[in-house]
Amino acid sequence: MTTLVAGADLGGTTVSIALATCDGKIVAEAKIPTNSHEGPEAVLARISEQVLTLAEEAGSRPAAFGLGVPGLVDLSAGTTKFLPNMPTKWRDVEVAKLVTAKLGCPVKLLNDARAATLGELRYGLGRSINSMAMLTLGTGVGGGIAIDGKLVLGPLGAAGELGHQRIMPDGPLCGCGQRGCLETLVSGPAFTGEAVRLLKAGLAPGLHKLVDGDIGKVSPREMAQAAREGDEILAQSIRRRAGYLGIGVANVVTILHPDLVVLTGGVAEMGDILIDPVRTAARKHVGMFPTENVQVEKSVLGEKAGLLGTIALAAESLTDG
């Protein structure tokens, strides 16, 4: 019988869960509400129950389970240390112990951005390269690094926090306490906040028409569409923020010289209107060596990168040491 593993990508509002083969082929999946207000133990219990439901559908229980979480984890102990956007912050929650008791299999934890990087490395664009970096562009900006085909984690699993490199020392205040982090300039809220300002100022008529004047409908996807259809000031705004992102990518390229930089998340779904100027800016700001062979691409896994990363995490735990 084919060995199956399970993975879950824990988000602030939803949890994506899947049962898959070790080569990343999903055989059953589901999404459930996080309901984080219920507390860590209740959330983990419902995730475990859903995994068991999927296992019943597939006719086989998982041999290992991987969980991606939005924050810091103790990798060896299998505990969460700090999930900043979750009630109680999930400090010192013994996740692996609690979930193993429900599922009866080994449990591994990883930061969600690093999980997305692992997913792309094992099942996406990273399969054919030696080294890569990923930037996850969503509500925040996360990242991950892989060198010689291995994820670089550091002592807290925190290596690769590419969103917290400082681009503008006197820039906007970041949730990490610093100013001008890349996250403050190119996250989803950074893009949409500027778009809403332009819409309210009457400077984005195409966007206004596209969302029927409802600022709650503004997202990077609508921004990109309106810019393509003629909102030139909005297009200029996208190019300016793409320039900041290009500086961030250039920093990563200068330090690591990876074969590939992958962009994923809702902002990356803007496509070439964002990624082309990022490539241009990145090459402009790297002066130490040629960059023609450094690829900057949108993830081929899209929103499934994190979930597939947890599958890879579980699969690799079966062969570790």
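Predicted model: local features only at pLDDT ≥ 70, side-chain atom pairs only at ≥ 80, totals over all residues.
**Overall form**

The protein chain contains 10 helices and 12 strands. Its C-alpha atoms fill a box of roughly 55 × 45 × 35 Å along the principal axes. The radius of gyration is 20 Å, which agrees with a compact globule, because a chain of 321 residues would then have a value near 20 Å. Of the 321 residues, 54% count as buried. Among contacts with a separation of 6 or more, 61% are between residues 24 or more positions apart.

**The open sheet**

Five strands form an open sheet in the order S3-S2-S1-S4-S7, and their pairing is mixed. Strand S3 (26-33) and strand S7 (107-111) are the edge strands, each pairing on one side only. On average, neighbouring strands of this sheet are turned by 15° against each other, direction ignored.

Strand S2 (residues 14-21) and S3 run antiparallel and are joined by 7 bridges. Leu-19 stands opposite Ala-28 in S3, and Ser-16 stands opposite Lys-31 in S3. The hairpin of S2 and S3 has 4 residues between the strands, and Gly-24 in this hairpin takes a positive phi near 90°.

| Helix | Residues | Strands touched | Angle between directions |
|---|---|---|---|
| H1 | 40-58 | S1 (4-10), S2, S3, S4 (65-69) | about 150° with S3 |
| H3 | 112-123 | S1, S4, S7 | about 100° with S7 |

In soluble globular proteins, nonpolar side chains tend to be buried together. The largest nonpolar core of this model has 45 residues, and Leu-135, Leu-245 and Leu-263 have the most contacts inside it. At least two residues of this core come from each of strand S8 (132-137), strand S9 (141-147), H4, H5, H7, H8, strand S11 (260-264) and H9. H8 gives the most, with 9 residues.

Leaving aside residues up to four places away in sequence, Leu-135 touches Val-141, Gly-142, Gly-143, Leu-162, Leu-182, Leu-245, Val-249, Val-261, Val-262, Leu-263 and Thr-264.

**Helix H5**

Helix H5, residues 188-200, has 13 residues. From its first C-alpha to its last it reaches 18 Å, close to the 18 Å expected at 1.5 Å a residue. The buried residues of H5 are Gly-188, Ala-190, Phe-191, Thr-192, Glu-194, Ala-195, Val-196, Leu-198 and Leu-199. They pack against helix H4 (182-186), helix H6 (205-210), helix H7 (220-228), helix H8 (232-256) and helix H9 (272-284). H5 is also one of the elements that supply at least two residues each to the 45-residue core. After H5 comes Gly-202, which has a positive phi near 75°.

Key
Residues numbered from 1 in each chain as written. Heavy atoms only, no water. Expected span 1.5 Å × (residues − 1). Buried < 20%, exposed > 50% of the residue type's maximum accessible area, 1.4 Å probe, protein only. Contact = heavy atoms within 4.5 Å. Core = buried A, V, L, I, M, F, W, Y, C linked by side-chain atoms within 4.5 Å. Pairing = 2+ DSSP bridges. Axes fitted to C-alpha atoms, helices over the stretch in contact; angles between N-to-C directions. Rg over C-alpha atoms; globule rule 2.2 N^0.38 Å.
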